[in-house]
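Morning, everyone. Please look at the picture first.

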Amino acid sequence: MLHLTATVNYHSWRRFWARMFDYFLIGFLFLLLSRNSIFALHNIFLYSALQLIVVISVEALLLARTGTTIGKNFLGLRVVSPTAPLDFNLAWKRTFWAYVKGLWLGIPLMMFVPAWFSRQVLRDSGSTIWDQACGTHVEAEEVGKLRYVLFGVAFFLLFAAIGNYEVFLQGLAQN
């Protein structure tokens with residue numbers, strides 16, 4: 001007798017790319033809004049720490065209000081908490097641990113090491129370390145190919161905007 005077992009998809013790549021999209025989008029908006037601040041001009045480490053706090057706080061606010069973020073919504077993902085309401089404090093804790101344990105605070109190149117280990121934990125246990133710590137989990141809806149293509153286009157446009165930031169500033173200076 002042949003036994004078929006269904007493979008479980010924890011959507012690790014959708015989760016990763018949704019987080020990257022949110023990270024870059026919120027970070028870029030922070031850059032635009034704070035470009036003349038004292039932090040941007042004098043202390044890159046303080047500015048980076050403040051940017052990370054803003055990114056975590058905005059993501060937590062979106063999760064607490066809607067259960068999703070722009071990137072997660074685009075890719076059909078929703079964070080739920082079956083044991084307690086997903087309020088701002090729980091959402092902030094979850095997002096904070098995702099950035100600390102899952103991405104090592106976004107340190108370039110280094111962030112892929114914990115991301116890989118986090119993917120392994122997700123694959124083996126069905127949950128990430130931060131979801132386990134917060135009692136949350138991610139629900140995923142079916143997403144068609146067109147939505148993936150549109151997400152790719154949106155991500156490309158976001159990177160184009162980030163890459164052309166200096167050109168944008170030069171244009172503002174000339175006006």
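How much space lies in the largest pocket? About 590 Å³. Rolling a probe the size of a water molecule over the atoms shows where empty space is left. Here a pocket is an open set of points on a 1 Å grid over the protein atoms alone, where a 1.4 Å probe fits, with protein on both sides within 12 Å along at least five of seven lines. The volume is the space filled by probe spheres set on the points, which are joined across faces, edges and corners.

Some ground rules. This is a predicted model, where local features need pLDDT of at least 70, side-chain atom pairs count only at pLDDT 80 or more, and totals for chains, interfaces and linings use all residues. Residues are numbered from 1 along each chain as its sequence is written, and side-chain values use heavy atoms, with hydrogens and water left out.

Now the overall layout. The chain has nine helices and two strands. Those are DSSP runs, numbered from the N terminus: H or I of at least four residues for helices, E of at least two for strands. The order is α-α-α-α-β-α-α-α-β-α-α. The C-alpha atoms fill a box of roughly 75 × 35 × 30 Å along the principal axes. Of 175 residues, 35% count as buried, meaning under 20% relative accessible area.

Back to the largest pocket. Its lining has 25 residues, each with an atom within 4 Å of a point. Nearest the centre are Y23, F24, G27, Q51 and G106. α1 (12-33), α3 (44-66) and α8 (145-163) each give at least two lining residues. By class, 21 are nonpolar, four polar and none charged.

Next, the second largest pocket, with about 340 Å³. S12, F16, A115, S118 and R119 are the closest to its centre, out of 17 lining residues. α6 gives the largest share of this lining, six residues. Which classes make up the lining of the second largest pocket? Eight nonpolar, four polar and five charged.

Last, the surface. W104, L105, I107, M110, V113, W116 and F117 form a nonpolar patch, with about 680 Å² of accessible area together. W104 sits in the loop between α5 (88-101) and α6 (112-125).

Notes. Patch = residues over 30% accessible without salt bridge, like charges linked within 9 Å, V, L, I, M, F, W, Y side chains within 5 Å. Areas by Shrake-Rupley, 256 points an atom, 1.4 Å probe, with all protein chains shown as cover. Salt bridge = Lys/Arg side-chain N within 4 Å of Asp/Glu carboxyl O. Nonpolar A, V, L, I, M, F, W, Y, C, P; charged D, E, K, R; others polar. Buried < 20%, exposed > 50% of the residue type's maximum accessible area, 1.4 Å probe, protein only.
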